[in-house]
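Hello,

I am handing over the structure we talked about, and my notes on it follow below. Please have a look at the model first and then read on.

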Amino acid sequence: MRGIAFFSGGKDGLYAVYLAEKSGIEVPYLLVLKTSIGLSPHWENFEAIKTLAEAMGKTLLTFDMVDGGDSLARFIASLEVDYIIAGDIFLEDHFKWIEWLAEKAGVKSLEPLWGRNTLELAKEMLNTGFEYTIIAVNREKLGKEWLGYKFSSPKDLELFLNKNPDIDPLGEAGEFHSVTLSSPLFRKLFKFEKLSIEKSEKYWWLRFKVVEDDWKAQ
């Protein structure tokens, strides 16, 4: 069985890939969407996303959503996969859109994180070897001082939540976005380099690079 996974470099989608592969599904394709509604901090850092995909030995595909969902479904159908994989947890509108897209493409949807407790899920990710850094914050919910904050262990998560008790542990309500620097899927370890802080209508966000961490690799 083969699947294509939505991919932004963030922790949730990548953990969904990890769980899908553990269940025996091959995931040769990662799909990055160019949104047609507002700025995406992930798309603005596409080169970093490309670097992470290369570290997994997977084919990175892109699709411009200006062409619409029907065109996306036809594109996915052309790849001869069995599943669309996504990392939704409790955003029902997006979950239903994935189900609609899968039906249109003639494949199954797979949402291995759906309905999970986000605190327990965050701890599970960190204990599995995932490390991730905040690359964007919703300006109404978090200060820009949290840009670049790294989650390497449950202690980092505890500190963050103590300072921000009203924020979802995984930012599932859109409070923050992340990029993954370490995971069992990567063939390399990465470190994070800030380039600049940017401001959009909704976010404080970073331009950044991910580069191989030679020191950790030794």
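I85 stands opposite L110 in β5. Here strands are DSSP runs of E with at least two residues, helices are runs of H or I with at least four residues, and both are numbered from the N terminus. β4 and β5 run parallel and are joined by 3 bridges; two strands count as paired if DSSP finds at least two bridges between them.

Before going further, please note that this is a predicted model, where local features need pLDDT of at least 70, side-chain atom pairs count only at pLDDT 80 or more, and totals for chains, interfaces and linings use all residues. Residues are numbered from 1 along each chain as its sequence is written, and side-chain values use heavy atoms, with hydrogens and water left out.

The sheet and its helices

β4 and β5 belong to an open sheet of 5 strands, with parallel pairing and the order β3-β2-β1-β4-β5. The edges are taken by β3 (59–64) and β5 (108–110), each with a single partner strand, so one side of each has no neighbour in the sheet. On average, neighbouring strands of this sheet are turned by 30° against each other, direction ignored. Helix α2 (residues 46–55) packs on the sheet and touches β2 (26–34) and β3, where contact means heavy atoms within 4.5 Å. The direction of α2 makes about 145° with that of β3; axes are lines fitted to C-alpha atoms, for helices over the stretch in contact, and angles run from 0 to 180 degrees between N-to-C directions. α4 also packs on the sheet, touching β1 (2–6), β2, β4 and β5, and its direction makes about 150° with that of β5.

Some residues to look at

D12 sits in helix α1 (residues 11–22). D12 is buried, with a relative accessible area of 12% (buried means under 20%, exposed over 50%, partly exposed in between, with a 1.4 Å probe and protein chains only). Leaving aside residues up to four places away in sequence, D12 touches G87, I89, L113, M125, L170 and E172.

E80 lies in the loop between α3 (69–77) and β4 (83–85), and at 67% relative accessibility it counts as exposed. What is the phi of E80, which is not a glycine? E80 has a positive phi of about 60°. Most residues other than glycine have a negative phi.

F90 is in the loop between β4 and α4 (92–105) and is partly exposed, at 41% relative accessibility.

Best wishes
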